[in-house]
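Please read the following points with the coordinates open beside them.

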Amino acid sequence: MSRTLLIGFVCLLAVLTVSLLERPEKVEDLEEDIINAQNFYEIPPLPGKDIYGFITEGENLQIDESEVRRNESLYTILREHDIDPQTIYNIQQEAAGVLNLRRMIPGQKYRIYKNEDDAFAMVWHQSKVNYAIINWQDDINVETGMVPINKVEEEVAGIINSSLYETVVDAGVSQRLGVELADVFGWEIDFFALRQGDHFKVIYENLYANGEYLGIGDIIAAEFQHRGRVYKAYYFENDSRRGFFNENGDSMQKELLKAPFRYSQRISSNFSHSRFHPILNQRRPHYGTDYAAPTGTPIISVGEGVVTEAQRRGGNGNIVQIRHNNSYKTAYLHLNGFAPGIRKGVKVEQGQVIGYVGQTGLATGPHLCYRLYVNDRPVNSVTVDLPAADSLEEQYHEEFQHQVNILDNRLIGLELHSEIALR
Ligand SMILES: [Zn+2]
């Protein structure tokens, strides 16, 4: 089950700082229902019955499995199995409100249950997980259900050569794992500046239903080495909370996001106490991080807070300022425009869109100048250590530490494989 793959190798050339985390255009998304179905996994079928609850033994029982074809509907399928139009009409009436019968899509699987050639029930799969049972043997009965989901743990390790997503895909894993990894570590690691040679190890779940692969489940533990520093995350849940914590039990989630974008953007100019200003032709401090991004790119608030300014102001162009708490304040400059409802005094949530990238004020091209202030002093948002959300409560430490020890042993095992492969 352990599958360690080493992808790429450490480049001997100068280490290139390139944006290695470009989100792929289209991420293979798990259907919402699969994610929601995770609480229903591993319920074995009753003896002598299939997972839909039908008795499978019996001389005269017959099950026809098929797929919805183009232009097929519940009506045409049931008519094919000699169900009379009145019964079909009654089924449709019964199904209204439970099922959307118009959403029969070619390729969806269904099965018809027959007794002595008389069809008496149908199971229609709207997805690999979700299904509906239509039974007209006695009274008409329509209900929906979910296939039990099996979780199988997997392990993978990789060295970043091109991009995180490519590395994950080259390792034979869905690029979804890259998205999940970025979500786990995105609070702490500057994913906009991954480097060749950065590496990761992950213990995660694969989900299966009916023997069919559904996709990636949860990450259980992961390690990310970035610029020589090792970051670790362990999933933990108890009665009151669930999430990722580092080895000390501190929440991986921060009060403030590392950067004000949903997707990675290229840093075009770093925080500096003395930078040559391209328009003013002189050296001045640059108390922000510039992200080059196309005009109109949504900008999100890095944390919950109150808008203290949203207006056009000289060389700053359109600016939004947000006060997050007594010590943290952020500013977003050169905006093309403000998001609806963004004005002085309104409350914003973390991740809420507040405006769009532009080049208003003193700017040579479309970019966001993002500024972070701690106690009203500008700090480098890329390098600063941000405060974590609440740590694990004392009473869970022992249980958590026990889990960390077990998972660490597995992560160390993964590293050994990588080192062997490196030589
Ligand atoms: Zn700037």
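1. Asn-135 belongs to strand β4, residues 130-135, where helices (H or I, at least four residues) and strands (E, at least two) are DSSP runs numbered from the N terminus. Asn-135 counts as buried because its relative accessible area is 18%, given that buried means under 20% relative accessible area, exposed over 50% and partly exposed in between (1.4 Å probe, protein chains only). A polar atom of the Asn-135 side chain lies 3.1 Å from the backbone nitrogen of Gln-137.

2. On provenance, this is a predicted model, in which local features need pLDDT of at least 70 and side-chain atom pairs count only at pLDDT 80 or more, while totals for chains, interfaces and linings use all residues. Residues are numbered from 1 along each chain as its sequence is written, and side-chain values use heavy atoms, with hydrogens and water left out.

3. The structure holds 17 salt bridges, a salt bridge being a side-chain nitrogen of Lys or Arg within 4 Å of a carboxyl oxygen of Asp or Glu. Arg-69 takes part in a salt bridge with Glu-72, at 2.9 Å from N to O, and in another with Glu-80, at 3.4 Å from N to O. The latter pair links distant parts of the chain, eleven residues apart, with Glu-80 in helix α2 (residues 74-80) and Arg-69 in the loop between β1 (61-67) and α2. Glu-72 is buried, because its relative accessibility is 11%, whereas Arg-69 is partly exposed at 46% and Glu-80 is partly exposed at 48%.

4. Which residue forms a salt bridge with Glu-309? The partner is Arg-313, and the closest N and O atoms are 2.7 Å apart. Glu-309 is buried, with a relative accessible area of 9%, while Arg-313 counts as partly exposed at 33% relative accessibility. Elsewhere, a network of salt bridges links Asp-50, Glu-65 and Arg-111.

5. Asp-82, Glu-116, Asp-117 and Asp-118 form a negative surface patch; patches are made of residues with over 30% relative accessible area and no salt bridge, like charges being joined within 9 Å and nonpolar side chains (Val, Leu, Ile, Met, Phe, Trp, Tyr) within 5 Å.

6. Gly-337 is found in strand β19, residues 337-338, and counts as buried at 17% relative accessibility. The C-alpha atoms of Gly-337 and Val-357 are separated by 7.6 Å, although these residues are 20 residues apart along the chain.

Methods:
Accessible areas come from the Shrake-Rupley method with a 1.4 Å probe; for residues, only the protein chains shown count as cover. Lys and Arg count as positive and Asp and Glu as negative; His and the chain ends are not counted. The place of a charge is taken as NZ of Lys, CZ of Arg, CG of Asp or CD of Glu. A polar contact is a pair of N or O atoms within 3.5 Å; within protein, one must be able to donate a hydrogen and the other to accept it, and residues adjacent in sequence count only if both atoms are side-chain atoms.
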